[in-house]
Structures are given as C-alpha cells and as structure tokens.
Protein chains: 4
Amino acid sequence: MAGSVNKVILIGNLGADPEIKRTQDGRPIANLRVATSETWRDKNSGERKERTEWHRVVIFNEGLCRIAEQYLKKGAKVYIEGQLQTRKWTDQSGAEKYTTEVVLQNFNSVLTMLDGRSGGGGGGGYGADDSMGGDFGSSGPSSAPRRAPAPPAGGRHDMDDDIPF
Amino acid sequence: MAGSVNKVILIGNLGADPEIKRTQDGRPIANLRVATSETWRDKNSGERKERTEWHRVVIFNEGLCRIAEQYLKKGAKVYIEGQLQTRKWTDQSGAEKYTTEVVLQNFNSVLTMLDGRSGGGGGGGYGADDSMGGDFGSSGPSSAPRRAPAPPAGGRHDMDDDIPF
Amino acid sequence: MAGSVNKVILIGNLGADPEIKRTQDGRPIANLRVATSETWRDKNSGERKERTEWHRVVIFNEGLCRIAEQYLKKGAKVYIEGQLQTRKWTDQSGAEKYTTEVVLQNFNSVLTMLDGRSGGGGGGGYGADDSMGGDFGSSGPSSAPRRAPAPPAGGRHDMDDDIPF
Amino acid sequence: MAGSVNKVILIGNLGADPEIKRTQDGRPIANLRVATSETWRDKNSGERKERTEWHRVVIFNEGLCRIAEQYLKKGAKVYIEGQLQTRKWTDQSGAEKYTTEVVLQNFNSVLTMLDGRSGGGGGGGYGADDSMGGDFGSSGPSSAPRRAPAPPAGGRHDMDDDIPF
DNA sequence: TTTT
DNA sequence: TTTT
C-alpha cells in the first residue's frame, strides 16, 4: 500500500528463557514470551489492580537471535521494536487458528537488554546495562565521519563523559 | 511488573467502514480493520513483492469512537497509537480461540485521520488532514509558563474541534 | 495543521539529579538531563566507538514532576515519551538563542523509571522496576466489556500507586 | 551507557522544498523543514488555539536523500523516524550556538511520503502514498520460513522500487 | 477488506 | 516556512 507503518514497541520481562530453533537451512529463529503489565487503582473500590499482557515475540534476524540466545534469560527486561504479524495455522484436529506475533525481522527491528539479570537459571555473563544495539546483522550506527567536515564547527559530539555510566 | 511499555503505532488504511456497537450501559465500541503493507523487490527474481497485514483495532474511548463513527470510512488513511491485547473466547463449537487486537482505551491512545477521503460510500464531511487528537474524554489544566503560545498541559487537545466534545 | 505527530521516545540515564523549580503560581517544573548513547565498531579500524547525546527534558505535568522529584536521581535509567519544542530566549548579552527540549506536558507524555538505582547521592526509596505511568493528573476508567477475563477492565492508569497522587 | 533509545517520530508538512548539499567527497545531505502543529480550544476563552513547531531534519542516508530530492516538495506530508542530535557551532561573530536536529542516518531511520501533493512549484512525479522505506544503503538476507509471503528478513525494503537502489 |  |  505504501505510506504505511507497522510498529510495536515493548518494554517488558521475559517469562521464560528464549527458545531457539533452526530452519532446515540452518538459520536461527528465537521465540520470546514477553510480559508487559499495567497497574492502577480502581476508581470505586480503591483497590490496586494489575493487568499483565503476554506477547509472542519472534526473531528472524540472525544477529538478534544470537543476542537472545547468549544474553537473555527468564526475567530479563528488554526493549523491543518489531512489527505485528498474524499467521494462520492448523492444529492437530484440523482447526484453523490464528496467532499474532511481534516479529523482529526487518532493518528497523531492535532488541535491547535493559538490565543485566541472569534470570531463572543461567549464569549471567553479559554485564548489566551493556548495550546490544539493534540489528547486528548490518552495519550499525556507522560512525559520523561527515559530521566534522561540512556542518559549522566541530562535529556534533556533545560528549560529557565525566559521568560514569 | 512495571517499568513496562506496550505500544503499537500504525499508519494504514481502513478495509471497511468502522463498525460501532454499544455496551448494555450505552458506551460505544468501534471496530476498525486496518491494513498496512510493505513492498520490496525480490533479491533473486527481481520481482516486486507485496505483503499486507490486517489489524483489528478496537476503540473503547468514547471520544475516539465518535470520531471513528463520524469521519472514518472505508479507505481512509489513519495514524493509530494503541496497545496490544489478546483475548480468549470460545466459538460455537466450544473451541478456544485467541484474538489479538490493537486497543485504544488509555490516556495515551491516538487516532488521527491522515487524509480526507470519503472512502467507499459515504459522503466525507470531515476535511482532509484534520487532526483528531487523542482521548477526548478528559483533560486537566496547568500551563507552560515559558512557552510563549502553548497548549494547556495535561490537555488532550491535539484536535481541531469545531467538533462538539 | 492537523494530522500531525510530534513524539520523542528516549531511554537513557540522568546525568544529574532532577532540578525542580516552581512557577509564580506554584506549579512545579522539572528539568532533567538525559544521556543516550550508542556504541559501534568502526568499519575500518575495528575500534569500539561511542557517541553520547545529551537531552534536555522539561516536565510541566504536575504528577510527573512529583515522580521526578521523589524518585529520580542522577544515574537513574528512564523511559520518556514527550514532544519536541524549541524556544527562543535572549542571553545576558542580548544575543538570541534557541533551545530545543523534550517536553512532557500533554496527555500522552510518559515517564517511567526502568531501574531502582538510588543514583549519585540520595537514598533511593522507590523500588526497582516500579512503573510510574504517565499523566497522573487525569484518569477516568472505562471498561473492556468484551475482554473475556473480567479482571482486566479498562483502567488508564499504567501506574503503580501506593504513591499518593 | 547502553540499553539506550533515541527516537523521534514526526508526521508533518514540509515548509519548503528540501535543500540538498554535497560533502566534498560527494555524499548528499538533505535538509528538511518540517512543521507539526496541534490545535485546541482554550479552556477559558473557548477560542481555538494553534501551536506550530518547526523541526530541522537532516538526512545523511544516501537513499533517503535521493527520495527527498526527487519526490518531496514544499507542502508534502511526511512520516519521519530519526534521532535527536545537538551540534555546536560558532557564528560569524564568534558566538557559540547549539542546534538540535532530527537526524536520519542509522539503519532504523524512516522517511515516508504520506500524500502525493506536488507542493508549491514543482511537478509532482512520485505517486500519492508511495512508500519510501528506510535506509536503503544495506541489507542482508535470511528468510521467514513460516510466513507464507514474507519480505526478506534483514532487508530494508519497505519500499516501492521502480526506483533503482 | 484497504492502499499503490 | 507547512498544514487546517
């Protein structure tokens, strides 16, 4: 159609370790179960309420699969950008089913770990808050070499790194 | 869980006129079918490919329902911000089904018409490119002292309202 | 203009404790300095590079100001949704200056703490990963009649509020 | 810092035709002036108010520059995804200045035309509502085995390309 | 079922 | 300087 956008942004926690499968020709596919939740106080009763939503996240991007496999564990908090896709399938009884997933496949998919918890079982490894950028399959931010030359004055690098992050 | 985000952003076209229902206590619910699509050229064959995705959008917000009812028609291009929700239901045969929808219900839902096409049948009305802001149901003052001309804070008025809300 | 969107999404860390000021009529304004950074490996040299960007975030929303004041400290990791605004001002020498800020003021602003670090000095308090929702100034339920499981009726209060708003 | 996100989403109109410059080594840079605006009705006076915000958008991505050059004109409505960057420069009088821009440079930048208006002067050309994807500079195969018809993973081809990239 |  |  064009002029079209299909984007999902989630910040949530993994309900289980990632499941990694492989296609016949060897490419990895990672499946994540991600929970988001909202809490509010009931207007009438004053009770604290909570609603948790579970999302099926499927990663076809090879670099992001590797990240998922190596660093994500049950309980990890993640930032995800993907797109909505609904697929049809048939269960054992022959009944038609539809499943909607958040798919990370395109150039503009992002998977970032927001904490460094090792999760349920595994030995963590990856440090807290280490960046995992997005789409490891391609170039990446591509340095900003042209920043210096043309634009007025010295680059656009407001680096104040006395701050110890 | 908290520290959690569940956001869907769509720009797409309505596949049909909105369907408006009412709850027993009179509140409106609007259902939209929104198509997004992406096109690309096949790496190998060089063919032009297209993939269309259909989204179920459900609007519980009363103001946005009114907008949908009055101004949106089949074919209209819309900008939508909502959240993902999956609900379980049982069909006539007793089989359990799940349906995932993009829900516009919270304070941060947005529905904006991006063109003024009258669509399939109906007589348009609402002007091309008119904004329809988000969540017209409530507000809350407070202002932005340093901003010279600034919309009321807490207001949900990115709207063009000759519309009587 | 209408049919228009102006949205900024940041996940970053506070470079300093929030600064809270008050307008003459007593409303709070919070200023945050938020750093985002990206790292990548240089194509040619193979070196690891990093670029940090500093953002000025201004909160006019009263509830979010309180959150900032009470729970955010230097070093805290936050999720922010706001809008871009550029304002003109004149410095002491009479020179015209422009400053671009990420403003949290409207209904669709969000401020969420993504960790529970107490930051540079202060004693934390707010627990890790607690959500702080958006726009605490307003509310208004509305339920989700079709949602099968009765519980998740529709609050618009992505907040965790043992916090007394 | 890591675990960081810096994203701007705009839907607005071009205030002027794009300005295209070239670096010494021949790479194009496109500058856009994009207006977003919000309208609301004043709580007290009942007057209709409007606030327009002007954004400086800079495109370093070569494919997107070409799109801008060939298809965008004054008045065009666009969808933009980029990131915030502030750069420092010195004016003729030696005064230090800062300018904040929405930069389209990374893999996850998007520029999509939302209408087909030819704008102020020029002869249109590009059809209404054609998509123009994001970051045409690279790609990378891998596919989506379960998706019946699916765009190549890792590809950045939300594009309609009779355009020869 | 939309759109190009 | 756009758009409505």
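**View 1. The UniProt "DNA-binding region" of chain A.** An unreviewed UniProt entry lists residues 54-60 of chain A under "DNA-binding region". UniProt positions follow the numbering used here, feature names are shortened, and annotations may be inferred rather than shown by experiment. Over residues 54-60, chain A is 86% strand and 0% helix. The end C-alpha atoms of this stretch are 20 Å apart. This is a predicted model, in which local features need pLDDT of at least 70, side-chain atom pairs count only at pLDDT 80 or more, and totals for chains, interfaces and linings use all residues. Residues are numbered from 1 along each chain as its sequence is written, chains are lettered from A and ligands numbered from 1 in the order in which they are written, and side-chain values use heavy atoms, with hydrogens and water left out.

**View 2. The fold of chain A.** Chain A has one helix and seven strands. From the N terminus, the order is β-β-β-β-α-β-β-β. Helices (H or I, at least four residues) and strands (E, at least two) are DSSP runs, numbered from the N terminus. Of the 165 residues in chain A, 53% are buried. Buried means under 20% relative accessible area, exposed over 50%, and partly exposed in between (1.4 Å probe, protein chains only). Take the contacts (heavy atoms within 4.5 Å) between residues at least 6 apart in sequence: 55% join residues at least 24 apart. The accessible surface of chain A is about 6900 Å². Carbon and sulfur atoms account for 44% of that surface. Areas come from the Shrake-Rupley method with a 1.4 Å probe; for residues, only the protein chains shown count as cover.

**View 3. A salt bridge between chains A and D.** The side chains of A:Glu81 and D:Lys7 form a salt bridge, 3.1 Å from N to O. The pair crosses between chains: A:Glu81 sits in strand E5 (residues 77-90) of chain A, and D:Lys7 in strand E1 (residues 5-14) of chain D. A salt bridge is a side-chain nitrogen of Lys or Arg within 4 Å of a carboxyl oxygen of Asp or Glu. A:Glu81 is buried at 2% relative accessible area. D:Lys7 is buried too, at 4%. A network of salt bridges links A:Lys7, A:Glu81, D:Lys7 and D:Glu81.

**View 4. Salt bridges within a chain.** Over all chains, the structure holds 27 salt bridges. One of them joins B:Arg51 to B:Glu53, with the closest N and O atoms 2.3 Å apart. B:Arg51 is buried, at 8% relative accessibility. B:Glu53 is buried as well, at 6%. In chain A, the side chains of A:Glu96 and A:Lys88 meet in a salt bridge of 3.4 Å, N to O. A:Glu96 is partly exposed, at 42%. A:Lys88 is also partly exposed, at 49%.

**View 5. A loop threonine in chain C.** C:Thr23 lies in the loop between strand E2 (19-22) and strand E3 (28-41) of chain C. C:Thr23 is buried, with a relative accessible area of 13%. The side chain of C:Thr23 makes a polar contact with that of C:Asp25, at 2.7 Å. A polar contact is a pair of N or O atoms within 3.5 Å; within protein, one must be able to donate a hydrogen and the other to accept it, and residues adjacent in sequence count only if both atoms are side-chain atoms.

**View 6. Cysteines C:Cys65 and D:Cys65.** C:Cys65 is buried at 1% relative accessible area. D:Cys65 is buried at 0%. The structure holds zero disulfides over all chains. A disulfide here is a pair of cysteine sulfur atoms within 2.5 Å.
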